[in-house]
Amino acid sequence: MLDRRLERLERELMLVARCSVLTPRERKVQGTEAHEAEPQKPSTKADTGKGAHPDTRVEAHPDTRAEAHTAPQTNLGAESCTPTRLDRSGYLLLSRLDAEGAMSIGQLADAFQLDVSTVNRQTGALLRAGLVERIADPDGGLARKLRITPRGADRMAAERTCRQTDLSRLLESWPSEEVARLEDVLTRFNREVERQEGRAWPRGTGDV
């Protein structure tokens, strides 16, 4: 069942996870693009304890691992997947960079409707793991941009295969018409979210 429809279904399920319509978040506007592109200092206990800023606690993704940005493997088909898995925020960020190309911290923050400090934390973990790299803006802008590395592309592709394999096992007893209906409904939902937010996810030209 690892076909094009399953690929689209996995993507739409991923996009539902980043939906903020039902749980709106306040964003803090911070400085300029050049300032946003600077890496943030590693978080300390004070950042996550009682004294942490309320916005930081709300925005920080529950799946974020500060250093490796990976999560323990919990998939249904363990024998087919890598020893470590990308967490949700890392997978979303890599998927966006892979789909759209190099982006600044500010552009990523806008794409996911997160404040800059949150995106700095999440991309900082990817930078330390060698999954993304900073480059000069190809268009000549002041802010540096983030680009997925070959290692990051490999990790993202492995994670995507794991997710699609797990999804295939989960839906193996479903009639193909019901799988198609699920994909259609999820795609419609995500496109409506994107339409209302004015932030479309870059899809291939062959996607409907």
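Analyst: Leaving out residues up to four places away in sequence, Leu-97 touches Met-103, Leu-108, Val-132, Leu-146 and Ile-148, where a contact means heavy atoms within 4.5 Å. This is a predicted model, in which local features need pLDDT of at least 70 and side-chain atom pairs count only at pLDDT 80 or more, while totals for chains, interfaces and linings use all residues. Residues are numbered from 1 along each chain as its sequence is written, and side-chain values use heavy atoms, with hydrogens and water left out.

Leu-97 is one of the buried residues of H5, as are Leu-92, Leu-93, Leu-94, Ser-95 and Arg-96; buried stands for under 20% relative accessible area, exposed for over 50% and partly exposed for what lies in between, with a 1.4 Å probe and protein chains only. Helices (H or I, at least four residues) and strands (E, at least two) are DSSP runs numbered from the N terminus. H5 has 13 residues and reaches 18 Å from its first C-alpha to its last, close to the 18 Å expected at 1.5 Å a residue, the expected span being 1.5 Å times one less than the number of residues. Just after H5, Gly-101 takes a positive phi of about 95 degrees.

Leu-97 also belongs to the largest nonpolar core, which has 25 residues and in which Leu-94, Leu-97, Leu-108 and Phe-112 touch the most other members. Such a core is a set of buried Ala, Val, Leu, Ile, Met, Phe, Trp, Tyr and Cys residues joined through side-chain atoms within 4.5 Å. Two or more residues of this core come from each of helix H1 (4–17), H5, H6, helix H7 (116–128) and strand S4 (145–148). Another core, of six residues, lies apart from it and includes Leu-9, Leu-167, Leu-171 and Val-179.

Beyond its neighbours within four places in sequence, Arg-96 is in contact with Gly-101, Met-103, Leu-108, Ala-111, Phe-112, Ala-200, Trp-201 and Pro-202. Arg-96 lies over the face of Trp-201, at 5.0 Å from the ring centre; a charge is placed over a ring if NZ of Lys or CZ of Arg is within 6 Å of the ring centre and within 35 degrees of the ring normal.

Phe-112 and Trp-201, both among these contacts of Arg-96, are each buried. Rings of Phe, Tyr and Trp (its six-membered ring) pair if their centres lie within 6.5 Å, with planes under 30 degrees apart counted as stacked, over 60 as edge-to-face and the rest as tilted. By this rule there is one aromatic pair. Its rings, those of Phe-112 and Trp-201, have centres 6.1 Å apart and planes at 65 degrees, so the pair is edge-to-face. Because Phe-112 lies in helix H6 (residues 105–112) and Trp-201 in the segment after helix H9 (176–197), the pair ties together parts that are 89 residues apart in sequence.

The loop between H6 and H7 holds Gln-113, whose phi is near 55 degrees, a positive value in a residue other than glycine. Gln-113 counts as buried because its relative accessibility is 19%.
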